[in-house]
Amino acid sequence: RRGQRVINSCLEGDEDLEFLLTGGELVKIRSRTWKKNRFYKLQEDCKTLWHESKKTFMRDQTFTIDDIESVRKGRQSEGLKKHTDPNMEELCFSIFFKGRKKNLDLMAASGDEASRWVRALEKIINNMRNLNRQQKREHWIINCMRKADKNADNQMNLKELKHFLRQINVEVDDTYAEEIFKKCDTSNSGSLEGAEIKHFYDLLTHREEIDVIYKQYALAEGQMSARDLLNFLLNEQREEATPEDAYTLIEKYEVDEIAKQKKQMTKDGFLMYLHHDDGSILNPAHKPVYQDMSQPLNHYYISSSHNTYLMEDQVKGPSSTEAYIRALMKSCRCVELDCWDGDSGEPVIYHGYTMTSKVRFKDVIQAIKEYAFKTSDYPVILSLENHCSVEQQKLMAHHMISILGDALLTRPLGNTMPTNFPSPEELKGKFIIKGKRLNKLNAIFSNNSIIDEDTVSEEDEAADVKENGQKKTKMKLAKQLSDIVIYCKSVHFHGFEHARDNQDFYEMSSFKESKAFSLADTSATAFIHHNMDKLSRIYPAGSRTNSSNYNPVPMWNVGCQIVALNFQTPSKEMHLNQGRFLPNGFCGYVLKPEFQRSPSSQFDPGSLIKGPWLKRQTFHVMVISAQQLPKLNKDKAKSIVDPLVRVEIHGVPADNASKETHYIDNNGFNPMWNENFSFNIYVPELALVRFVVEDYDSTSQNDLIGQYCLPLTSVQKGYRHVPLLTKRGDVICSAGLFVHLMLIDAE
C-alpha cells in the first residue's frame, strides 16, 4: 500500500478513491452490436486501472492513469455518437488516451454512476499530475518494486531484487547486487522487508551530485541557513534574490518542521526545491501569460495546424473530430477545414481526391465550439479550404453562425473601418474565419453591398490539387460565407511590392513551404516587413503524403505568424513548435521580437549586421546527470538503455548548433556525464534550446528516450532540472535531466 500513500496522501479515505478501488461493472461499447459487460477497478497501487477480458488468448487488461489524456462525460466520442441513442447521453462517458491508443467508450447503469466514475477518475488524474517530481520518482520506484515482488509477500529476495533493478533500467552485476542486498539485509533473513526495503530505497535514490552542491553551501551545522541558501541563489542560480526569497523557499519546500522553524533547509528540502518549478529550467515567471497581449494580432506567432482533421497520413488515414480536439487542447489557435460537398447534402471535411475518411462539417464545428477555449482564451482562426457548391457553402455559413453564435466574429470591432488588426486581448473567446471574400471589408460600412454570389479565382491554397496536374479553376462563392470573412481574407500573392501597394491589412496569402523558404532565402527583410502589417500562412508541401513536417524555425525568423504543421505527426519539428509556444501560458500566441515589429528594422536572419537584434552571448551547458530514464524495449527483461544527451540550438543560421555527450553503458536509472559545452549565440530572442536523450546503438539509428525544448530567453541559469517529454510531447513522469547553465554576455 505504500504506493497508494505516496500518490494519494491527499486522497486518503476519499469516497471517490474508495469507489474506484472497489470498482464496478460497465458496458464497453465497440459497435451497435458489440456491447459487453466488463468489470473495472483501480488497483492497490492507485495508478493502474484493471479490467477483465473475455478473450481466451488474452490476460486481463490494465492501463495506467498516466496513459489517460482526458475523461469526457456524455456521447463525446465518434463511436458513442454512432453506436448509442441520444437518450443514453447521461449514461455514457469515454476515456481518451495519449498517443494513438483507441479511446474506451463506456456506459454506466445510471447517470449518477457515470458522473461518479468521471468525477473519481478526473480527481485521481489531477492528483497524479499535481505531484511534484520527487513524489513521482518515489511512486515510480515503488511501483517497480511492486512489479518485482512476484509472490506479493511484501518482501524482496535476491532474485526479485535483480528483477527490480532491471525494471528501473539499471544493469547491475551479480556481485554488486549481492553487496547491496547484504548491506540492507540486517536481519540476515535472506529477504528484505520493512525498514530494510526503506534502507535499500535510500541507497538507491542517493544523489551524489546533489550532495556535493549541498555540502558546498550548507555551512550552518551541516545544514543550509537562509543566508547559505541566499548565497546559493545569488552565486549559482544568478537570481536577483533577497533574504525574503530565501525564507519563502524554506517555507515552501522544507520537509522538516524543526529545520523550518530554525529557518534552515535540509538536503531533502533542497532536493524538493530543485524538483519544483523554482528549480526547473523554465523560468516560472514565463509560465503564465506574461507578454503584452494588446498588440495587433499580426505581431504574434500563432500556433497553427495543417490538415487538422487527419489523425495519420494524407492518403488513406482517418479524418476525425478528435484530431481537432487534440490540436485545440494543445493550444493550437489556427485549424484547417478542408470542405467538400457531402453525398447527403451536408458538407464534409476530408483530404480531397484521396481515400481519407470523411467527417461532417457540422460535427467538426460543434467539437471546435466545445474545446476551443479550454486551454486558452485567445482567438481561434478557422482556415477554410472551400471546394463546396454554393448551396453547401450556405449550409457551412449557417452551421458556423448557429453553432458558434456570438463567439463568431461577423463584423470588425468598433463602428468605423479599421486600419489595423485588433489584439488577441480584444478578440478573447472569438472565432475568426479565414477564406475568400467577394468584396472589400469597407463594404460593411456602406449600403451598396448587393452581391448575392459571384466567382473568385482559387489561390495557391489548392496547390495540393494543382500539383496533381489540375489547372486553376474559378469557383462560385456564396455571399453568406463571404460575409463572415472579416480579418483574414485570402488573396493570391503577387510579390511584396504588389502587396504593399495593393493589399489591405486584412488581405493575407498562404505560401507553400518551397515558395516560403525561397522568399526567406532571397528576400528576408522584405518578408519581415510584409509581416509587420499583414498575416502570412505557411503550409507543408502536398508531396508530404506521410504527414511529415518542414522546419518551422526559418519561417519564424522572417516573422511569419501562421506556420502550419501536421500536429498529428510526432516529430522534431513539432517538438520545436511545442518549445516555441511553451511560455506565455501555453496560450498559442507568442509576441514577436521588437525588431520583427518595428518599421525601421533592417533585420536579416542570414546576415549579422549590427542592430538591436544582435546581442552576442555565450551559452554554457554542463550536462551532469539523468534520472529514471524509461526502458524502451519493455518486452526484453534484460534490455537496458545506453543513454547519451544532445543539446541543440535552433535559431538564425549563425546560431544553429548541436553537441552531444558520450554514451553510458547499461544505466538508465542514474547515468552521470559531467560534460561541458559552450555555444556562441548572436540573436538570442529567436533561439530555441532542445535537449534530446537517446539510446545509443552502434548498428542502427539511435532511439529517442525523451526530449524538451524551450526558448533561450525563458531558460533559468544555474543548477536546473529539465523535464523530459515523449516523442508525442507527453511528460515522462519520473524522468529528467540535471544540468548547470550559464549565459554570459560577450564583450
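**Salt bridges and burial in a predicted model**

Colleague: Why does Asp16 count as buried?

Modeller: Asp16 has a relative accessibility of 6%. Buried means under 20% relative accessible area, exposed means over 50%, and partly exposed lies in between, with a 1.4 Å probe and protein chains only. Asp16 therefore counts as buried. The model is predicted, so local features need pLDDT of at least 70 and side-chain atom pairs count only at pLDDT 80 or more, while totals for chains, interfaces and linings use all residues. Residues are numbered from 1 along each chain as its sequence is written, and side-chain values use heavy atoms, with hydrogens and water left out.

Colleague: What makes the contact of Asp16 and Lys123 a salt bridge?

Modeller: A salt bridge is a side-chain nitrogen of Lys or Arg within 4 Å of a carboxyl oxygen of Asp or Glu. Between the side chains of Asp16 and Lys123 the N to O distance is 2.9 Å, and the pair is a salt bridge. The two residues are 107 residues apart, with Asp16 in helix α2 (residues 15-22) and Lys123 in helix α4 (residues 111-130); helices are DSSP runs of H or I with at least four residues, strands are runs of E with at least two, and both are numbered from the N terminus. Lys123, at 29% relative accessibility, is partly exposed.

Colleague: What makes Arg326 and Glu69 a salt bridge?

Modeller: Their side chains meet at 3.9 Å, N to O, and the contact qualifies as a salt bridge. Arg326 lies in helix α14 (residues 321-329) and Glu69 in strand β5 (residues 68-73), so the pair ties together parts that are 257 residues apart in sequence. Arg326 is buried at 18% relative accessibility, whereas Glu69 is partly exposed at 26%.

Colleague: How do you know that Glu336 forms a salt bridge with Arg537?

Modeller: The closest N and O atoms of Glu336 and Arg537 are 3.6 Å apart, and the two form a salt bridge. This pair links strand β13 (residues 334-340), which holds Glu336, to strand β22 (residues 536-539), which holds Arg537, 201 residues away. Glu336 is buried because its relative accessibility is 1%, and Arg537 is buried with a relative accessible area of 1%.

Colleague: How many salt bridges does this rule give?

Modeller: The count comes to 34 salt bridges. One network of salt bridges links Lys572, Arg646, Glu648, Glu660, Arg690 and Glu694.

Colleague: How many disulfides does a search of the whole structure find?

Modeller: A disulfide is a pair of cysteine sulfur atoms within 2.5 Å, and the search finds zero. As for individual cysteines, Cys560 is buried because its relative accessible area is 0%, and Cys709 is buried at 4%.
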